[in-house]
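Hi there,

Here is the structure I promised to pass on. Have a look at it first, and then read my notes below.

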Amino acid sequence: MTVLSRSPLSSTEGFIDLHWPAVHTLVLAGCLELGRSVANSFDFGLSVYCIGQGLLLAFSMAFAAERAIRWKVPAPFVVATTLVMALNPVLQTYAFTTTKDSMFAAFFLIVLVYLAEMVRDPARFLESTPSLVRFALAVLATCLMRKQGAYVLVVVGIVALVWLARPSSRVRFAVAIVVPLAAAFLCNPLISLLVPTRSDSERETLSVPSQQVARTYMLDYDSLTTGEIEWYSRYYDIAQFESGRLTTAPYASAGNGRFYDTITGTGYLDCLADLSKGALNDAAYAEDKLGYLSGWMALARGHEGLYSEAFLWGEVGYVYPSSKVANRWTGMSPWNEFSVALDEGGAANQIADYHQTSLLPGYLSWLVDGTQNIFPENPLLMLWVSMALPFYVLLASFCLLARRRGSSLLIAWMLLFVYWLSLGLGPVMCIRYVTPLFYCLPFAASLPLMGSRA
């Protein structure tokens with residue numbers, strides 16, 4: 001997590017990194033500043049942030065449960081599914097982390113509930129200005145917490161617009177979607193006028209292609225033609241690839257990590273695309289994107305298997321319910337992985353290591369085992385925290401909704417499914433990416449049981 005450095009934080013060179021949501025950065029930095037100002041304690045400020053985030057997530061799940069019961073879903077079912085997920089180590093852990101995914105999850109669930117309300121009774125919902133305003137605010141917050149939210153809402157919004165029959169309804173719904181999307185788009189430029197920022201790189205959209213071409217380079221180098229090597233040299237820092245291909249100090253002598261050079265910190269890792277996309281030449285890509293695309297597609301011919309393997313390394317955990325998919329990047333990041341120090345705190349006022357200060361070490365171990373290791377010792381618990389759980393709940397929900405021919409609630413279901421599809425484009429298979437769906441699962445399970453007025 002990168003945060004502001006100029007009061008209170010001076011570890012990030014005085015800018016906001018737009019690779020992360022700027023609004024989330026400002027909220028976190030504001031809480032830390034509050035803690036420093038009120039109690040001279042960054043721990044106090046972080047506690048304010050975590051408690052506020054936990055309450056927001058609790059509200060979103062309670063809100064979803066209340067609406068499900070109001071819409072004729074049996075109360076015992078709603079209470080049971082909500083309780084089962086509320087006790088889940090994934091939800092309990094990420095309710096109190098500082099990753100953007102947690103706040104995103106709360107607003108994403110609220111948008112889901114409002115979307116279900118809209119498709120159940122579009123006339124009533126779309127003719128209510130307060131309902132549209134609340135929906136638009138939830139959309140805005142969702143987009144500000146993750147760019148991914150905007151992409152998902154655009155897709156689902158188009159489907160909803162096609163489904164709506166009345167032109168006036170389409171106009172009102174379009175306004176409720178387009179206005180917050182536009183505001184979210186303008187947010188970063190406005191923040192850049194007020195504080196120093198560092199732009200996000202286009203390489204972030206090329207995680208999967210970069211991993212595919214890097215895997216091909218490492219595992220089938222001898223088959224590459226002179227023209228293909230020239231393409232690599234144009235769009236990637238080939239020295240970084242070579243350091244991994246020819247390394248004498250690999251992360252592992254066989255399997256995952258054999259092409260990662262532990263001395264230079266470059267090369268290739270099967271399950272993490274950060275190294276591959278980090279080698280991308282941004283200027284060359286920006287200058288000729290079509291050239292990159294055509295070269296990537298041409299290289300796929302004859303290397304279809306390697307391309308598929310590279311994709312599956314970043315996707316298989318979302319469909320394969322097993323702790324065997326776990327690796328160092330699957331779960332929570334290590335405590336203060338980059339040894340960040342908050343300069344204004346001095347030696348005495350730094351964020352405390354929760355591993356060392358926990359009052360409930362046994363409970364902490366339970367949470368870590370569930371979110372990092374995926375409970376390898378217990379098959380039932382493993383399924384409970386598996387990254388694949390959302391896929392199977394969504395599949396069951398779809399099958400039940402499909403039996404209700406023409407059910408408009410499939411549009412609400414689509415919001416979850418499109419988000420799930422987008423996970424395959426990420427740089428690594430990671431529990432925090434799928435966490436927003438965990439919070440939505442009780443409501444997703446309730447969708448087929450809801451009465452519909454549409």
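Arginine 432 and aspartate 101 form a salt bridge, with their closest N and O atoms 2.6 Å apart. Since arginine 432 sits in helix H22 (residues 431-446) and aspartate 101 in helix H5 (residues 100-120), the pair ties together parts that are 331 residues apart in sequence. Aspartate 101 counts as buried, at 0% relative accessibility. By salt bridge I mean a side-chain nitrogen of Lys or Arg within 4 Å of a carboxyl oxygen of Asp or Glu. Buried stands for under 20% relative accessible area, exposed for over 50%, and partly exposed for what lies in between (1.4 Å probe, protein chains only). Helices (H or I, at least four residues) and strands (E, at least two) are DSSP runs, numbered from the N terminus.

Please keep in mind that this is a predicted model, where local features need pLDDT of at least 70 and side-chain atom pairs count only at pLDDT 80 or more, while totals for chains, interfaces and linings use all residues. Residues are numbered from 1 along each chain as its sequence is written, and side-chain values use heavy atoms, with hydrogens and water left out.

**Other salt bridges**

The count of salt bridges comes to 17. Here are two more of them.

- Glutamate 66 pairs with arginine 67, and the closest N and O atoms are 3.2 Å apart. Glutamate 66 is partly exposed at 36% relative accessible area, whereas arginine 67 is buried at 11%. There is a network here too: salt bridges link Glu66, Arg67, Arg70 and Glu117.
- Aspartate 274 meets lysine 277 in a salt bridge of 3.7 Å, N to O. Both residues belong to helix H13 (residues 274-278) and are 3 residues apart, about one turn of the helix. Aspartate 274 is partly exposed, with 39% relative accessibility, but lysine 277 is buried, with 6%.

**Back to helix H5**

Helix H5 also holds alanine 105, which is buried at 0% relative accessibility. Which residues does alanine 105 touch, not counting those up to four places away in sequence? They are Leu57, Pro436 and Tyr439, where contact means heavy atoms within 4.5 Å. The C-alpha atom of alanine 105 is separated by 8.9 Å from that of methionine 145, and the two residues are 40 residues apart along the chain.

Serine 169 is buried, with a relative accessible area of 7%. Leaving aside residues up to four places away in sequence, serine 169 touches Leu126 and Leu164.

**Two positive phi values**

Lysine 72 has a phi near 75°, a positive value in a residue other than glycine. The loop that holds lysine 72 runs between helix H2 (42-70) and helix H3 (75-86). Isoleucine 374 is not a glycine either, and its phi is positive at about 60°. Isoleucine 374 is placed in the loop between helix H18 (361-373) and helix H19 (379-385). Are these residues buried or exposed? Lysine 72 is exposed, with a relative accessible area of 66%, while isoleucine 374 is buried, with 3%.

**The protein as a whole**

The secondary structure comes to 22 helices and 4 strands. The radius of gyration is 23 Å, close to the 22 Å that the globule rule gives for 454 residues, so the protein is as compact as a globular protein of that length. That radius is taken over C-alpha atoms, and the globule rule is 2.2 Å times the number of residues to the power 0.38. Along the principal axes, the C-alpha atoms fill a box of roughly 65 × 55 × 50 Å.

Of the 454 residues, 51% count as buried. Among contacts with a separation of 6 or more, 73% come from residues 24 or more positions apart. The protein exposes about 20600 Å², and carbon and sulfur atoms supply 65% of this area; accessible areas come from the Shrake-Rupley method with a 1.4 Å probe, and for residues only the protein chains shown count as cover.

Happy to go through any of this with you.

Best wishes
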